[in-house]
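This briefing concerns the structure shown below.

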Amino acid sequence: MGNEPAGPLLAGIAAAAARRAGVAASGLAPVGRSGFVVRSAGGIVWSTSLGVPTGARCVIESAYKPLGAEVVGFDDGTTMLMAERGNKGVRPGDRVRATHGVVAAAVGEALLGRVLDAYGDPLDAGAPAAAAERWPLTGKPINPMARVRIARPFDIGIRTINGLATLGRGMRLGLFAGSGVGKSTLLGMAARHADVDCVVVAMIGERGREVREFVEDHLGEMLGRSVVVASAADSPPLARLHGAQRAAAIAEYFRAHGRHVLFLVDSLTRLAMAGREIGLAIGEPPTTKGYPPSVFGQLSAYVERAGNGSEAEGSITAIYTVLVEADDHIGDPVADAARSVLDGHIVLSRKTGESGIYPPIDPTMSLSRPMSSLVSQAHNAAAIRFRLLWARLEQKRELVDIGAYAPGRDPVLDDALGRSARMDAFLRQGKHDKVPLEQSVEALRRAVEEA
């Protein structure tokens with residue numbers, strides 16, 4: 001990495017630290033698992049070897065204030081750390097002390113109705129939540145054979161999703177869209193209308209102003225049954241990572257206690273970007289668009305934390321937003337990786353939104369993999385028929401608009417044109433309107449079956 005030789009530099013720093021402590025450098029001996037800062041650059045702090053594994057928590061005793069840090073790698077006999085709140089105030093010779101135990105999140109019923117930061121501190125006006133229990137920040141793995149299968153439909157209260165891409169309880173869904181298309185609005189609809197016991201929201205790397213707007217405008221009265229963990233765009237990358245992990249830990253706690261949880265993560269892309277910053281800082285090789293290979297493994301592991309628990313537990317139905325750069329749904333590496341590990345995806349179309357249809361869901365590109373095993377044959381057939389008609393209508397719309405199409409040449413297009421008004425009405429829904437699953441299926445049937 002182009003670092004200076006470690007030996008003379010470490011000896012000089014140790015001697016300076018010993019002189020400040022009033023002891024001879026020759027008599028300096030390590031106390032417990034501790035060391036001294038060697039150098040700091042680009043968000044990474046190098047310390048003398050601490051003898052602790054990757055992921056261990058440490059404290060840098062800087063002159064500015066004690067800084068929590070995490071071990072992220074090793075380099076030529078030194079330990080590489082990343083400070084949770086940035087490395088401001090760190091200087092060579094500062095003591096680094098390893099702490100005992102694993103990093104854990106405070107969890108419990110007291111968190112409901114609260115807005116927290118990545119460290120569990122309150123962002124709202126309330127006092128620190130009295131959550132006595134602890135849950136590992138990286139979660140507790142579940143035996144795949146012990147998980148309950150996705151066998152029950154999940155009513156999200158949004159007609160297009162209920163009808164055309166029916167979700168299952170414990171499903172992991174991606175919400176793909178470019179910037180400004182309406183991801184946050186759709187998440188708010190899901191939080192208010194979904195049939196769940198509680199909602200956990202992770203706002204990772206988003207604009208700071210959006211936190212209050214989402215809580216007040218989108219969650220509204222649902223806040224009393226929700227927990228919001230926010231780590232804004234100006235947070236260090238490790239804080240964004242820990243914010244996402246803390247929210248997942250809270251959701252896992254509620255699942256373990258029999259709750260059916262809706263877990264909203266906005267966004268998976270910002271989480272990947274935080275992993276990219278950390279990976280590049282510790283020297284990992286960049287691949288597509290600068291993402292190190294480890295990022296995609298981290299995304300898979302994070303998504304796997306959601307889903308159904310065992311027979312005695314509840315479920316986590318998760319929706320992860322994926323920001324598609326320049327509306328490129330094919331070439332974006334994060335979007336491509338997310339599709340491969342999720343159980344389905346909802347695509348928001350800028351073109352659909354510009355045509356005045358809200359929510360701007362593209363019915364031809366949206367998919368729920370478990371749907372065919374969750375709904376009746378009649379429902380599944382109606383959804384397939386709707387997609388066929390809508391796709392043909394979109395393909396031939398220009399010909400129809402300029403009057404170049406003569407009725408009778410394409411029976412499918414003729415059928416689509418006759419039903420276009422009803423299909424258009426099916427896709428439209430006000431953000432405060434809740435449409436239960438049964439009503440969604442009936443509206444779908446009327447759109448494609450009735451003459």
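A residue counts as buried when its relative accessible area is under 20%. By that criterion, strand β12, residues 172-177, is mostly covered in this predicted model: six of its six residues are buried.

**Overall architecture**
- The protein contains 14 helices and 19 strands.
- Its C-alpha trace spans about 95 × 45 × 40 Å along the principal axes.
- Of the contacts between residues at least 6 apart in sequence, 72% join residues at least 24 apart.

**Surface and charge**
- Of the 451 residues of the protein, 51% count as buried.
- The accessible surface amounts to about 19800 Å², and carbon and sulfur atoms account for 54% of that area.
- There are 51 positive and 49 negative side chains in the protein, and the centres of the two sets lie 2 Å apart.

**The two faces of β12**
- In a regular strand, side chains alternate between the two faces of the sheet.
- Arg172, Gly174 and Phe176 point one way from β12, whereas Leu173, Leu175 and Ala177 point the other way.
- The residues of both sets are buried, and Arg172 is one of them.

**Pairing of β12**
- β12 runs parallel to strand β17 (residues 315-323), to which six bridges join it.
- Within β17, Val322 is the bridge partner of Phe176.
- β12 also pairs with strand β18 (residues 344-347) in the parallel sense, over four bridges.
- In β18, Ile346 stands opposite Leu175.

Definitions and conventions:
Residues are numbered from 1 along each chain as its sequence is written. This is a predicted model: local features need pLDDT of at least 70, side-chain atom pairs count only at pLDDT 80 or more; totals for chains, interfaces and linings use all residues. Side-chain values use heavy atoms; hydrogens and water are left out. Buried means under 20% relative accessible area, exposed over 50%, partly exposed in between (1.4 Å probe, protein chains only). Contact means heavy atoms within 4.5 Å. Accessible areas come from the Shrake-Rupley method with a 1.4 Å probe; for residues, only the protein chains shown count as cover. Lys and Arg count as positive and Asp and Glu as negative; His and the chain ends are not counted. The place of a charge is taken as NZ of Lys, CZ of Arg, CG of Asp or CD of Glu. Two strands pair if DSSP finds at least two bridges between them.
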